[in-house]
Amino acid sequence: MKRILLIGLLLLASPAADAHEIGTTQVRLTLHGDHTWSAAITTAPQALVNKLEVEARLPRSSDLGDAALRARLGELSTVLARHVEVAFDGSPSPVSIAIARLELPSDVTLPAFVVLLANGPMPPEAHAVTWRYDLAYATYSLEFAAGETGSPSSVWLEGDEASPAFPVSGDIKPPTRVAIIGQYLSLGFLHIVPHGLDHILFVLGLFLLTTKLRPILVQVTSFTIAHSVTLGLTMYGIVAVSASIVEPLIALSVAYVAIENITTSRLTPWRPAVVFAFGLLHGMGFADALKELHLPREAFVPALISFNLGIELAQLAVIAAAFLAVAAWHREKSWYRPRFVVPGSAAIAATGLFWTAQRIAGF
Amino acid sequence: MAGVRLATLMHRAAATLAAAALLAAGVVGAGILATGDAQAHDFWIEPSTFRPLPGATVTVGLRAGQNFVGDPVPRSARAIGQFVVRQGGGDEAIVGSENIDPAGFFRADGQSTAVIAYRSLPTYIELPADKLEEYLRLEGLERIIELRSARGASAKPGRERFSRYAKALLTGERTSAAAIQPIGFTYEIVPDEDPTVGLSLFRGHVLHGGKPLAGALVVAMPHSDPSVRLAMRSDANGAFAFTLPQSGVWLIKSVHMVAAAPFSDVDGIGLWGSLFSIADWASLWASLTFESPENSPSTNAKGPR
């Protein structure tokens, strides 16, 4: 059954990648032990020449042969060098470029390509290096290697996008797992308190149902399991539901739990199931926020778990604050429900309904 | 007979006036459409030749770029929705090798005008708000900027699905009705007359969902000179016209954008696909490439520079 569900979810997942078309350009950037760098840029020769011709306001050539292409690229080499930027700690390095290889196969079904070799000096005290090449229109891959034998790392770059900073030497260390966990724990907490007012009101709605511990625990557990499931599935791309559906339903969930608080003070048999269903929606909302934070690839799972844990801590903090502020002192009072729970729930319900209408209109 | 002559003269005069007006519009458009890297690129078909001899092998390059200069886009099966050549009265699939540029090849009929048609599957992309607005302005989609503003989403990243609808016309020994018939794309540029025979005035329609689309920005660019850039908006009937100031290979393109609502298949993603897509918008990129012959009446016209 689980397998069928997983296959179903995979079928429903959006197949599209988050990118432009992938082109044929490839770059390998290597740092050498003699304080120099080199970059091999493999790209389509005629397109490259045409781009440079446009910039230099020269007539656009077409179908150039080997000698003519080499000559044209030679003429335009200074223009070409301006489009390659290798920066150490933010300072661009001088660049020189030469043609390493040019292939123009006579078989028209095979691709033509040129390999350009760019190189320059690397400051001895450099800490980090970035790459930028703004003559690619399609997405291309950059492979970076610190030293000829170092294990390379690869990134996809969009057109003229600058690469992330790569460490040049051992003194720039990537953040440790502990640091990443701490960072995402904090981000998860902050996503709820103070930024997630709709989630805060939903959790308050769960709390206001009753002052008994067990019903609160059942609801919070149900909500936690559900949003953890969809947070993970959405982050892995297995589930994708439009924000135009998720966001109004999250607002509606806020209204629902509050309205039910007005009609009953008991944990109805369907309440945990409804809270679970709403939890699935909230998880997708959390994932939307987490995506904007760009999870580190090397610590995806710890970051995801710690973000979720941060959310849990924030939920518990909201409940604890509500308990300590009012319920701890007044829950046994006769006025607690008519003067606190019902008006409070009504205000939450009205807010949830307003958000629902606003979000439907907004989408 | 005199009536026919008068009608012909009036038609020519009207065409000349239209051409002058459109050229003026083109000059204005060229001024408005300052190019920059808007992080959203045109997409078109570049065959190995626009004038294949009967029986010749034609390779089909897909290009993504700007100013009619593009990077090769290798064949990707997961991106292709439709990739065919319409020639000799039928459609045949264009074959090719995965991850290779050129994306495909076929044997040309060469007898009559052939149509190469490529449709991509929708691809999701997110753009920062400023980059999105930049490209929306460049493509004449100010209406979407206003809609985003009305939704309070101006500062949010643009979440869209983009789809490509590219066509190329290959000159044959005679013209063909296929050149002026819609392929059936969701968004499509359809010429009113076969431009491969040489026309003083290129007239066409933009169709969205098979119906004429009014107010769409249509841009024409010659391959040989990126400084020439003609632009106009389609009229109430989806019609547009350009006087092509020079012969050679031309790109005519237009971009349309619609809201990507759930249960609304606006770009071929399917109803279920639309439900599970997180995109707020669907952009539709239509292009048409062809070669206007040397002996075209347009060769003598002077165009904007």
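A residue counts as buried if 20 or more other C-beta atoms, placed from the backbone, lie within 10 Å of its own, as exposed if 12 or fewer do, and as partly exposed in between. Welcome to this predicted model, in which local features need pLDDT of at least 70, side-chain atom pairs count only at pLDDT 80 or more, and totals for chains, interfaces and linings use all residues. Residues are numbered from 1 along each chain as its sequence is written, while chains are lettered from A in the order in which they are written.

**Chain B at a glance**
- Chain B has four helices and 17 strands; helices (H or I, at least four residues) and strands (E, at least two) are DSSP runs, numbered from the N terminus.
- Of the 305 residues in chain B, 51% are buried.
- Two residues are in contact if their C-beta atoms, placed from the backbone, lie within 7 Å. Among the contacts in chain B with a separation of 6 or more, 71% are between residues 24 or more positions apart.

**Helix H2 of chain B**
- In helix H2 (residues 129-138) of chain B, the buried residues are Leu132(B), Glu133(B) and Leu136(B). They sit on the same side of H2(B), because they cover an arc of only 95° around the axis, taken from the directions from the helix axis to the C-beta atoms.
- An α-helix has 3.6 residues a turn, so residues three or four places apart point the same way.
- The cover over the buried residues of H2(B) includes strand E8 (123-127), helix H3 (142-150) and strand E9 (158-170) of chain B.

**Where the chains meet**
- Here 33 residues of chain A are in contact with 37 residues of chain B.
- On the side of chain A that touches chain B, strand E1 (22-31), helix H2 (45-55) and helix H8 (243-263) of chain A each give two or more residues. H2(A) gives the most, with four residues.

**A sheet in chain A**
- Four strands of chain A form an open sheet in the order E4-E3-E7-E10, with antiparallel pairing; two strands pair if DSSP finds at least two bridges between them.
- Its edge strands, each pairing on one side only, are strand E4 (91-92) and strand E10 (166-167) of chain A.
- Strand E3 (residues 84-88) and strand E7 (residues 128-133) of chain A run antiparallel and are joined by five bridges.
- Glu85(A) stands opposite Arg132(A) in E7(A).
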